[in-house]
Amino acid sequence: MFEKILIANRGEIALRVARTCRELGVRTVAVHSVADADSAVVHFADEAVQIGPAAAKRSYLNAAAVLAAAELTGADAIHPGYGFLSESPDFADACRAAGITLIGPPADVMAELGDKQSARTLMAKAGLPLLPGSLDPLELDEAHALADSIGYPVIIKAAAGGGGRGMQVVHDSAAFPRAYQETRATARMLFGDSRVYLEKYLAAARHVEIQVLCDGHGNGVHLGERDCSVQRRHQKLIEESPAPLLPDGLAERMGKSAVDGVLEAGYVGAGTVEFLVDRDGNYYFMEVNCRIQVEHPVTEMVTGIDLIAEQIRIASGQPLGMAQDDIVLRGAAIECRINAEDPSSEFAPAPGALAEFTPPGGPFVRVDTHAHAGYSIPPHYDSLLAKLVVWAPDRDRALARMRRALEEFRISGARVATTRDFLREVLDHPAMRAATHTTALVDELLGRR
């Protein structure tokens, strides 16, 4: 086991990692920007190092500063959380060169799966079903001809994209050339890589993902599925496990496909394989996330497995302590992301000072957060304030518990808007209650306003 882990992140996930490290008896180092000097993880960790100004590019994305902090404090491993450097093959290589273990997959695996086109090719080789589309980069004329042959709508995606960014849905042939050029320009600006690919777009599908764990000894398991269909701008708002009303046997087939795919890639660590499921119960590979997911708590709640602890054990070289038959999902868990965003203004960020921040309590209610009354939400980073997670013996009781918990959650502050009330509206939607909702639900709700 490692002696000291540097946490290369901020906010709730940094505090989440630090708590598991303390339970494992591992010392922690929190790195932080000037803006986060008084953050919760800075006070909780055993050591803290300031690595730069508020701007993420000069602090949390500054690989040299993060590695310097690790060397200065004698950390033998780095946990990158999600976002920032968590899926950077260059950072993984730099950690290896410095003799520091990055808690994540090897750099070459991260590179292959992080590129959406090469990931599609690899998963096709492993036998995973794909939506019709391109496996290789295409110039405009070839891409346009392919889109016409597939049939609209199609979605154009940045090969190096992620986090719901760098993609555009096209509904007819006339709009394709401009959308293609715009997506390439956006991809170049966001990721420094203008390559794009396209695939058939399912306008009303379910977004279902599989949590996997793989050790460095060739073993892999899946920990069930999560339904992540409630999204805005391709970014998730509500997640639940297990996914409700899937056809018999589908979750297990998806789980096996996911494990087969990541083992084919030589994956090591915790990861997520994302799929789309259509109305007929067919499933299609989307992408692999080579990190811990924001929504990992719902899997922890139904399996009783600490995913951060498993990441750390795997990275230290230990074999998996479980086989597939050992993993049993019990009950139902739901997570709502409480973001500092204004749903009435296209979910625009709404940072400010929190006058009140009183999380809910009660049985089987979990709140992962770094915020508190008096906390000033910085405008420089992701708008996530808290993850509210509940568990119950079945989905109906989990929904009731989540409604109660959201109502109990008290958040206020000058100029601060949150997604709390909008999430309550989503939970009350008939399609959500009946588990017939798709990725179109949020657009449908906003369209009626």
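Which strand is the place of lysine 4? Lysine 4 sits in strand β1, residues 4–7 (strands are DSSP E runs of at least two residues, helices H or I runs of at least four, numbered from the N terminus).

## Ground rules

This is a predicted model, where local features need pLDDT of at least 70, side-chain atom pairs count only at pLDDT 80 or more, and totals for chains, interfaces and linings use all residues. Residues are numbered from 1 along each chain as its sequence is written, and side-chain values use heavy atoms, with hydrogens and water left out.

## Lysine 4

At 14% relative accessibility, lysine 4 counts as buried (under 20% relative accessible area, 1.4 Å probe, protein chains only). Its side chain makes a polar contact with the side chain of glutamate 47, at 2.6 Å (a pair of N or O atoms within 3.5 Å, one able to donate a hydrogen and the other to accept it; residues adjacent in sequence count only if both atoms are side-chain atoms).

Beyond neighbours within four places in sequence, lysine 4 is in contact with residues including Val26, Arg27, Thr73 and Asp76 (contact is heavy atoms within 4.5 Å).

## Helix α6

Helix α6 covers residues 116–125, and its buried residues are Lys116, Gln117, Ala119, Arg120, Leu122 and Met123. Among the elements covering them are α5 (107–114), β6 (154–162) and α9 (250–265).

As for the ends, aspartate 115 caps the N-terminal one, with a side-chain oxygen 3.1 Å from the backbone nitrogen of glutamine 117. Just after α6, glycine 127 takes a positive phi of about 95°.

How values were computed
Buried < 20%, exposed > 50% of the residue type's maximum accessible area, 1.4 Å probe, protein only.
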